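Please look at the sequence and the model below, and keep both in view while you read.

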Amino acid sequence: TRYVYRFGGGVSDGGKGDKNLLGGKGANLAEMASIGLPVPPGFTISTEMCARYYEEGESFPQSVRDEAALGLAHIEAITNKKFGDPADPLLVSVRSGARISMPGMMDTVLNLGLNDETVEGLAKTSGDARFAWDSYRRFIQMYSDVVLELDHGAFEEALEIAKEDKGYSLDTELTAEDWQALVTQYKAIVVELWDGKPFPQDVHEQLWGAIGAVFGSWQCERAKVYRRLNDIPADWGTAVNVQAMVFGNMGDTSATGVAFTRDPSKGDNAYYGEFLINAQGEDVVAGIRTPQYLTKTAREQAGAKPASMEEALPTVYSELAKVFDLLETHYRDMQDIEFTVQQGKLWMLQTRSGKRTAKAALKIAVDMANEGLITQEEAVARVDPSALDQLLHPTLDPKAPRDVIAKGLPASPGAASGLVVFDADTAEKRAEMGDAVILVRTETSPEDIHGMHAAKGILTARGGMTSHAAVVARGMGRPCVSGVGSLAIDAKAKVFRVSGREVREGDIITIDGATGEVMIGAVPTVQPELAGDFGILMEWADKVRRLKVRANAETPLDCKTARIFGAEGVGLCRTEHMFFDAARITAVRQMILAEDEKGRRVALEKLLPEQRADFTEIFEIMAGLPVTIRLLDPPLHEFLPHAEEDFAEVALATGIGVETLKRRAAELHEFNPMLGHRGCRLGVTYPEIYEMQARAIFEAACDVAAKDGGKAAPIPEVMVPLVATRRELELMKAVIDKAAKTVFAERGVTLEYLVGTMIELPRAALKAGEIAEVGEFFSFGTNDLTQTTLGVSRDDAGRFLTTYVDKGIYPKDPFVSLDIEGVGELIEIAAERGRKTRPDIKLGICGEHGGDPASIAFCEKIGLDYVSASPYRVPIARLAAAQAAL
Ligand code: ADP
Ligand code: MG
Ligand code: MG
């Protein structure tokens, strides 16, 4: 196997199509080099080596060492420098790079190849001793942290003390001698912390140490957490890039920066980024110095003073702007770019498709399609359906009063209110207890990931729009306000102070990631804007979509929301939710506790008009659309009274003694209610319940059909739950048909309706051919079908499912994303057998999975007619269905 691929100096062994092999960074470095952009030469060790590295007990085969030697020779030939040459040394960076970017998760080492001898050579050839010693101390610090895994606090402390001694406030004030003295101290720190061993002087030892550390960082704890949160398989591995260093820290005509070709937060078509003069890459994101704006317009809009790059370095800036345009046209997507300017010369260090907020994703996709850069179908494919979630939720009410205490950078949009916490662990703990929390940090680092995930919003005192906090928050869809310079945080005392106000842990604040405002208290919110880019993209999605999208809804509010979000009917109306209503529960209890049919009928009489009213309202809202109504499903004991006064109330309503009622209640106890007396088993044993419900449905349908000249006539689909056998459905269908016949005779009209069943038991899936002889539609109830197929109770799975997913037993939580291999096969079997019996049988899915993009793709593949999702997920389902059809 070949492990090493070169790039730069007119050579590109790989290209942008090789992300799996070379990682995103390596593939794009090769691609940029091949289209003639200035990329420092280097080579990539492929991701295949990562797996082998671990297989061989974290060591390297000779073959890769030989190949890397050739790679190094390639760099040396182009740069005309030699690695380890005391006179004119080649320095390299060793950079990680997985298939998809994992910001800040893995390690990079810069300035590698410096030692006590080569530093002198660098000082001479550059004519800048200060720069040489600054680079050396950076290298010792980074190498010690990343490769030797020594505590970096000691190095930072030494630097702070040195600055204090000299009365400096900025790193830039240190002289060559200062840095040199610091290097001596740093080396002493290494000896002390590294069991008496000196800092490695052999440049090849340095190189392989760093390469090993990058491969090693793939299995570090924070990378694992990140992979779990983002569904990245552990076996992908990372690649390693070894690349000639270019220096942004060689004086005032040197700089380093990061940029996006469009605004990743709002999506505007304007360059967006930050840079620092006389600095190295890490400085911009680390938040040590506050970076400057890229463009003059952005600087002016922010009212900032320090010159933008456009103003400070106009010639390189215009060259950079050309590269932005070229890259965007070449990749046909918004790019996230890292660059360095060494003494006026521009170097490209990275490009990739930029992470963006959902709002920006929408705008950029729609804009690019309108610009003709991509097609409408591509625009539809570009937006991650799950990310729409961010947009469909409320934002701060612009009319509500705000007690603004500070303003920072609008780093990630959306608004959040919650109680203040000062560390990631507390954030996670409080979130688990059900609290909404805002994580407040001076700055965030990869160690804070779990807390950021648990938080509703993130607030930092330091760092710009491309700081760790900002990038990660945007990726997670969390609102974030960063760089609130006036914020004085005392994390130990759990308090922050700003504008003379004091906020303690547990106090409620609100942050607005769109404006950068920080407010005391919770600010009310308003519903999102559904027109504009959102509306346009959904229209394009609807053009390519084949699957219909319905909603799971049973309240008038849910039905209305569903229609606003574009639902094409109700896929699941759970009638029991209507039974819990406070005004009805007594009648429901009366029915359940009745000794016989006669007693039950008395109670059902009371419930009939109520149910009819429910259905009338739903039918009116869903005018002309299909509505699937599931007959009573849950075990009866769920409705049983528990409190004394509840029993007393039922006793009063029925005239039956409390003691008798209690005995009845005890009789209804079940050991395993999920598999007990529920679903159609209720209808089989007490047909009068389903009879009442069917009557209510048909009466309501007739009422609504009688209005509006029949235009609003609903198409009721009456659904029998938990069927395992043909006979069950046959019995229930007879009850329903009889109710329909009676009502239609009474009303003198006949309406179209369907009777079908939920497929939620493995037996039903297997016997679907027979069941379809009776049922006119199937709706896959994948929540129960998952429980019954896996033999896993959803309510008890929490204790072990995470471990199962971690160990790769299931790729994802099977209650969130359909177990396509297992449960999916049953669905396929049922669909096929059902269609064989009844070619026009209607097939849909109504479990939680109906709103999950991966599950929707499966539904498209097997040709279901519709998916049904919760109202807020309807747009997600529409977009996912469109993508599945492309
Ligand atoms: P990450 O994936 O965390 O961004 P990178 O490998 O991109 O890590 O490197 C981190 C920083 O180091 C970047 O900002 C980049 O600009 C800088 N850097 C990496 N390689 C070089 C190099 N060869 N010359 C100069 N700067 C570099
Ligand atoms: Mg980078
Ligand atoms: Mg069910």
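**Around the ligand**

Ligand 1 is surrounded by 17 residues, of which the closest are S93, R95, T108, G281 and E338; here a residue counts as near a molecule if its C-beta atom, placed from the backbone, lies within 6 Å of it. Two or more residues of this shell come from each of β6 (92–98), β7 (108–112), β8 (238–244), β12 (335–342) and β13 (345–353), where strands (E, at least two residues) and helices (H or I, at least four) are DSSP runs numbered from the N terminus. Sorted by class, the shell has six nonpolar, eight polar and three charged residues, with Ala, Val, Leu, Ile, Met, Phe, Trp, Tyr, Cys and Pro counted as nonpolar, Asp, Glu, Lys and Arg as charged, and the others, Gly among them, as polar.

This is a predicted model, in which local features need pLDDT of at least 70 and side-chain atom pairs count only at pLDDT 80 or more, while totals for chains, interfaces and linings use all residues. Residues are numbered from 1 along each chain as its sequence is written, and chains are lettered from A and ligands numbered from 1 in the order in which they are written.

Six strands form an open sheet with antiparallel pairing, in the order β2-β1-β3-β8-β6-β7, where two strands pair if DSSP finds at least two bridges between them. Because β2 (11–12) and β7 stand at the edges with a single partner strand each, one side of each is left without a neighbour in the sheet. Within the sheet, β1 (residues 4–8) and β3 (residues 42–45) run antiparallel and are joined by four bridges, and R6 has F43 in β3 as its bridge partner.

**Domains and recorded positions**

The protein chain also includes domain 3 (393–526). The centres of domain 1 and domain 3, taken over C-alpha atoms, are 34 Å apart, and seven residues of domain 1 are in contact with eight residues of domain 3, contact meaning C-beta atoms, placed from the backbone, within 7 Å.

An unreviewed UniProt entry lists H468 and C846 under "active site", although such annotations may be inferred rather than shown by experiment. These two positions are spread over 379 residues of sequence and also in space, up to 39.1 Å between C-alpha atoms. H468 lies in helix α18 (residues 468–476).

Notes. Domains from an automatic or database assignment. Contact = placed C-beta atoms within 7 Å.
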